[in-house]
Amino acid sequence: MDRSITLAKYIDIWLEQVAPKKLAASTLVRDKQDIRRILPALGHYKLAELNKDILRAFYDAMRSEQNWKTGGLLAEKTVEGIHSCLCGILSDAVEAGYITHNPAWRAYRKKGAPQERPVADEETVQRLITALEGQSLKYEVYFKLILATGMRRGEACGLRWSDIDWRQRALHIRRNVVKLSGQPILVKEPKTRAGVRVVYLSKELCKLLRVWQKESAWEKKQRGRGGLEEEDYLFRQPGGDPMVPSTFTFRFKKILREGNLPDNLNVHSLRHPYVKHTTKKYNSEKQKTQATKMNLIAWVFRFCTFNYSKRSWTL
């Protein structure tokens, strides 16, 4: 075992022998982007030379680096992602016997005060639901599914009509759609083993899905693609591929602007009501209280039906 190996040389070995077997394709693409920033600054160091001081100086330097896409400085979340990538690589080096300990452990210190996750209050959720009902049916169905089931963006994009059990009002979540810049659409298993699951729908949401199914069948026929099939995606592109999460993220921001809703909300925040607040860490009592209220609103949306004519909720 060559203990004088440099980080650059080990990363070459890691990319060829370790990463392809260990990481999902989408994760490997992101790690390669991080490695492009790691190698110029740290590649010449021997693995045994790396220590917390060197790594902390590197992270500080990264905070002054330019974001290649926006032209601004790298966000703290990006720096944290670079640290996670480097920490994972060095952990594998420890396991392989190149070094005895991981110098990246506890080397990262987040800069600035922790930011609270955006949590919508009751009024904001009701305004958001109203705004969704003013969108085209495709976007209304997509966002209400996330709000009512806690699905991830990519999981909703990966739904097929065969995943719906109409009799049981059940939805089988089996796959996740990922699209990275410059890469083809990737359809894979959900993020975790627990990600393959069944969620149950309200009668009203099933009715909404039936309407969307009819509209999807009509659209496909108009394009000369034949009838709607069970293996078609709920949210599909004209050529048959699934729509990608970024399309809905862009639309969500547009909905927020048009509805004069808080612009710090994001699609991912819609699924957090289904994570019990007792298992979450909050930065303030106010945020914990808001999350508790969101649990109640989400329960109503999930298990009750909405009477559109009377604008009232019924079990």
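**Salt bridges and sheet**

Author: Lysine 144 is buried, with a relative accessible area of 3%. Please keep in mind that this is a predicted model.

Reader: Which residue meets the side chain of lysine 144 in a salt bridge?

Author: The partner is glutamate 133, at 3.1 Å from N to O. Lysine 144 belongs to helix α6 (residues 137-149), while glutamate 133 sits in the loop between α5 (122-132) and α6, so the pair ties together parts that are 11 residues apart in sequence.

Reader: How many salt bridges are there in total?

Author: The count comes to 14. One of them joins aspartate 92 to lysine 22, with the closest N and O atoms 2.7 Å apart. Aspartate 92 is part of helix α4 (residues 76-96) and lysine 22 is part of helix α1 (residues 7-22), so this contact ties together parts that are 70 residues apart in sequence.

Reader: Is aspartate 92 buried or exposed? And what about lysine 22?

Author: Aspartate 92 counts as buried because its relative accessibility, 8%, falls under the 20% limit. Lysine 22 has a relative accessible area of 48% and is partly exposed.

Reader: What does arginine 152 pair with?

Author: Its side chain meets that of glutamate 155 in a salt bridge, at 3.3 Å from N to O. Glutamate 155 is buried, with a relative accessible area of 1%.

Reader: Which residues are linked in a network of salt bridges?

Author: Asp60, Arg63 and Glu76 are linked in such a network.

Reader: Let us change topic. What is the strand order in the sheet?

Author: The sheet is open and has three strands in the order β1-β2-β5, with antiparallel pairing. At its edges are β1 (164-165) and β5 (197-200), each of which pairs on one side only.

Reader: How many bridges hold β1 and β2 together?

Author: Two bridges join β1 to β2 (residues 170-173) in the antiparallel sense.

Terms used:
Residues are numbered from 1 along each chain as its sequence is written. This is a predicted model: local features need pLDDT of at least 70, side-chain atom pairs count only at pLDDT 80 or more; totals for chains, interfaces and linings use all residues. Side-chain values use heavy atoms; hydrogens and water are left out. Two strands pair if DSSP finds at least two bridges between them. Helices (H or I, at least four residues) and strands (E, at least two) are DSSP runs, numbered from the N terminus. A salt bridge is a side-chain nitrogen of Lys or Arg within 4 Å of a carboxyl oxygen of Asp or Glu. Buried means under 20% relative accessible area, exposed over 50%, partly exposed in between (1.4 Å probe, protein chains only).
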